[in-house]
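Look over the sequence and the model first.

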Amino acid sequence: MKTTHFERAIFLSWYCGRGDCKFCYMSTQKSKIKEPRKARRSIESILAEAFICKQLGWKIEFLSGGYEVFSSQELLEIIKGVYSIYGERLWLNIGALKKEELEMYKPYIKGVCGTVECINTEVQKQVCPSKPISEILKMFKACDDLGLKKCITIVLGIGETLKDIPLLIDFIKKNKIDKITFYRLKPQKETVFENAKPITAEYYVSWVKDVRDNFPNIEIVVGSWLDQLDEIHLLLEAGADSVTKFPSIKKFGSKYAKKIEEEAKKANHKFEGSLTRLPKINLTGLDEKIKQKVKEYLTSMGYSLS
Ligand code: SF4
């Protein structure tokens, strides 16, 4: 029986120095944030989240954050901290990193993510005006030199069409991409996509299936949204390996969480880890501040602690 699991992106900040990708929540925040250094999470909450991922059997999809929020040294400390709590090398999604930075992070990471977002270059330039693909390609070249893996993200519903699928196939082939995360657009308030019509499940499946048919070994992660969870079994059947973009702490044990596990079953996949059942959790040995944060998260997930 095939297996599947949940992948959780751990967010580090809610500010991004580029801040003008037209679909992104952070683009709505940039002008409102006067002190970018304050728009970042505390290290305790990041580490507490990594601890919960480990306990619940959730994979960390990547550490994710906007541009120009942390110095390289600060990021190194965060990466090391998460690595030591989680116990596995990580994926990073924190912009186009330089080779020197990748060298610093290399002992703790397995690879990096290039946020391509749209494979149609004309659309990409309009939607992400400050995020040139050339920067991502440069980072990927450094990954090849350093033996790091490469992942890309693609958002569907932002102006691409099915005719662009061959472009994606070529990109994956040419750049030897190891992992791809697909998202369906989540229309954000105050963006041009606020009232965008959602893509259909059929359209989503076409992208996933074509990538799987062309690349039997690539890792495919799919993000859905709460009102579209019916599509998960179709995406798994089309070749997706795992599911992301679910507020797994806030909605832990909810009807939505149950639905994801049911969808995995419907696709005849065994769901590893849990979005609905809390295991016995041992907090012994955790730093006091992290422990406090873990307790807050667990309480919001319905876990009663004495
Ligand atoms: S670079 Fe990333 S975080 Fe920044 S605005 Fe664009 S999508 Fe959002």
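Helices (H or I, at least four residues) and strands (E, at least two) are DSSP runs, numbered from the N terminus. Residues are numbered from 1 along each chain as its sequence is written. The model is predicted: local features need pLDDT of at least 70, side-chain atom pairs count only at pLDDT 80 or more, and totals for chains, interfaces and linings use all residues.

**Helix 3**
- Just after helix 3, glycine 87 has a positive phi of about 80°.
- Leu75, Ile78, Ile79 and Val82 are the buried residues of helix 3 (buried means 20 or more other C-beta atoms within 10 Å of the residue's own, exposed 12 or fewer, partly exposed in between; C-beta atoms are placed from the backbone).
- These buried residues fall within an arc of 100° seen down the axis of helix 3, so they line one face (the arc is that of the directions from the helix axis to the C-beta atoms).
- Gln73, Glu77 and Ser84 are exposed on the other side of helix 3.
- The buried residues of helix 3 pack against helix 2 (43-56), strand 2 (59-64), strand 3 (90-93), helix 4 (99-105) and strand 4 (109-117) (contact means C-beta atoms, placed from the backbone, within 7 Å).

**Whole chain**
- The protein chain has eleven helices and nine strands.
- Its C-alpha trace spans about 55 × 45 × 40 Å along the principal axes.
- Of the 306 residues of the protein chain, 39% count as buried.

**Ligand**
- Residues around the ligand include Cys16, Arg18, Cys128 and Lys131 (C-beta atom, placed from the backbone, within 6 Å of the ligand).

Notes: Two residues are in contact if their C-beta atoms, placed from the backbone, lie within 7 Å.
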